[in-house]
Amino acid sequence: MRLFWRDQISLILFYLLQMLLIPLLLYWLSGENRPISIMLYGIALSTVVLLLYLGYRYVQHRRLYAALSEPMDMLEKHLVSLGDTPLSEAIHELLQLIDRQYQEQVNAHARQMDQHIVFMNRWVHQMKTPLSVIQLTLKDLEEEAAASIQEELERLRGGLEMVIYTSRLDRFENDFQVEPLLLRKTVSEAVAENRRLFIRRGIKVDVQVDANLAVYSDAKWLMFMLAQILTNAVNYTSGSGKTVTLSAQRVGTDTILDITDQGIGISPEDLKRVFNPYFTGDRGRHYHESTGMGLYLVREICNRLEHKVDIQSRLGEGTRVRLIFSNSDHLQK
C-alpha cells in the first residue's frame, strides 16, 4: 500500500494544483460570482472521482505492488503472476526474460565448474602415480637422502589431497554421508596416517579419548579435518620431545574433541583471522609449510556438517583446536 501511494503522489499533487487553479481562474476571473458552495461541490465531486480511480487502479495492480514491496517473497514464489493488466503482464514478461538469461548464465558457470572439478580430480590421481614410483625408488637410496625425499613426497601428497578436497567442497552435498563414528578409532587412524611426520619431528602423541565415545559425522571429511589440524600442530612445534594431546569430553549433548600442541602459538592479532583463506600470519611466513588453507577448509567442512570449530592460543605456549559435535548423547553405549 505504501508503494502504491508513493507511485500516485505526482497525480495527487497535480490534482491539488488543479483544484487551486480552477476556482481561481475559471470561476473567479469569469466574473459570474457563483456561490462558493458550487465551487466546493465541484471540488468534492472531482475528489470522489479521483478516489474511485485510485481505488480501481489499486485493485488492478495490487499484486504488482505487493510483489514490488516484498521482492524476497516474489523470488521464493519464483515469478508468480502479477496481474492481468498490460503493465503487470509486461513487467512479468521482462522478469521472466531476465530469469531465463540468469539461469542460462548459472548453468553455463555450473558446467564450467564441473569440468574444472573433473579435470582437477583426474590431474590429482595422475600425479599419484609418479609419487608412487618415486616412493619405490627410495629403497635404493641412502637413508639420509631417502628421508629428505620422503618428507617432500609427503608434502606433495598433502598438497594434492588439499587440492582435491577443495575442489569437492563446492559439491559437498553430493559427497558426504553422516553416520555414527567411534571417535577414538577415527582419531587413532588419523594419527597413524601422519605417524611418519610425528616420528621425523620427534613429537609424541597422547590420545585421551574414551573407546566408546561416538559422534555423528562423515568419516572421510572428519579424517581430512584431523589431518589438517595435526599437520599444523606438528609444523608449528619446534624442538623434539614435545607432545600433541588429543582429548575428548561430554558437555551436555555435545562431544568436544580438543587437539592441543606445545608449539609456538598464534599472536592475538592473527588469531582472529586464522580461518580466512590463504591467511598465514606472521608466524606462518617464518614456517614455510603454511598454505593458509588448512583451517579455512576445516571451518567450511564444520559448517556443512553442522559441527563447530574453535581455536585458542598463546604465544610460546601452544595452540588448542576444539571440534564440537552436537546431539551425540544418544550414541553413547
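This is a predicted model: local features need pLDDT of at least 70, side-chain atom pairs count only at pLDDT 80 or more; totals for chains, interfaces and linings use all residues.
**Why these labels?**

Me: Why is L64 called buried?
Reply: L64 has a relative accessible area of 3%, and buried means under 20%, exposed over 50% and partly exposed in between, with a 1.4 Å probe and protein chains only. So at 3%, L64 counts as buried. Residues are numbered from 1 along each chain as its sequence is written, and side-chain values use heavy atoms, with hydrogens and water left out.

Me: What does L64 touch, not counting residues up to four places away in sequence?
Reply: L82, L87, S88 and I91, where contact means heavy atoms within 4.5 Å. L64 sits in helix α2 (residues 36-69); helices here are DSSP runs of H or I with at least four residues, strands are E runs of at least two, and both are numbered from the N terminus. L82 is 18 residues from L64 in sequence, but the two C-alphas are 4.9 Å apart in space.

Me: And L13, what makes it exposed?
Reply: Its relative accessibility is 52%, so L13 counts as exposed. L13 is part of helix α1 (residues 2-28).

Me: How do you know that R322 and D258 meet in a salt bridge?
Reply: Check the gap: N to O, their side chains are 2.7 Å apart. The rule asks for a side-chain nitrogen of Lys or Arg within 4 Å of a carboxyl oxygen of Asp or Glu, and the pair passes at 2.7 Å.

Me: What makes R299, E300 and R304 a network?
Reply: Salt bridges link the three of them. R299 meets E300 at 3.4 Å, N to O, and E300 meets R304 at 3.0 Å. E300 and R304 are four residues apart in helix α11 (residues 294-305), so about one helical turn separates them. As for cover, E300 counts as buried because its relative accessibility is 14%. R299, at 26%, counts as partly exposed, and so does R304, at 34%. By the same rule, the count comes to three salt bridges.

Me: Which residues have the most contacts inside the largest nonpolar core?
Reply: L257 and L323, in a core of 52 residues. A nonpolar core is a set of buried Ala, Val, Leu, Ile, Met, Phe, Trp, Tyr and Cys residues joined through side-chain atoms within 4.5 Å. Helix α8 (residues 219-235) gives the largest share, 10 residues. Leaving aside neighbours within four places in sequence, L323 is in contact with residues including L222, L226, I229 and L257.

Me: What makes β6 and β7 a pair?
Reply: Strands pair if DSSP finds at least two bridges between them, and β6 (residues 308-314) has seven to β7 (residues 318-325), running antiparallel. They form a hairpin with three residues between them, and G316 in the turn has a positive phi of about 80°. R314 has G318 in β7 as its bridge partner.

Me: Which β6 side chains are buried?
Reply: V309, I311 and S313, which point to one face.
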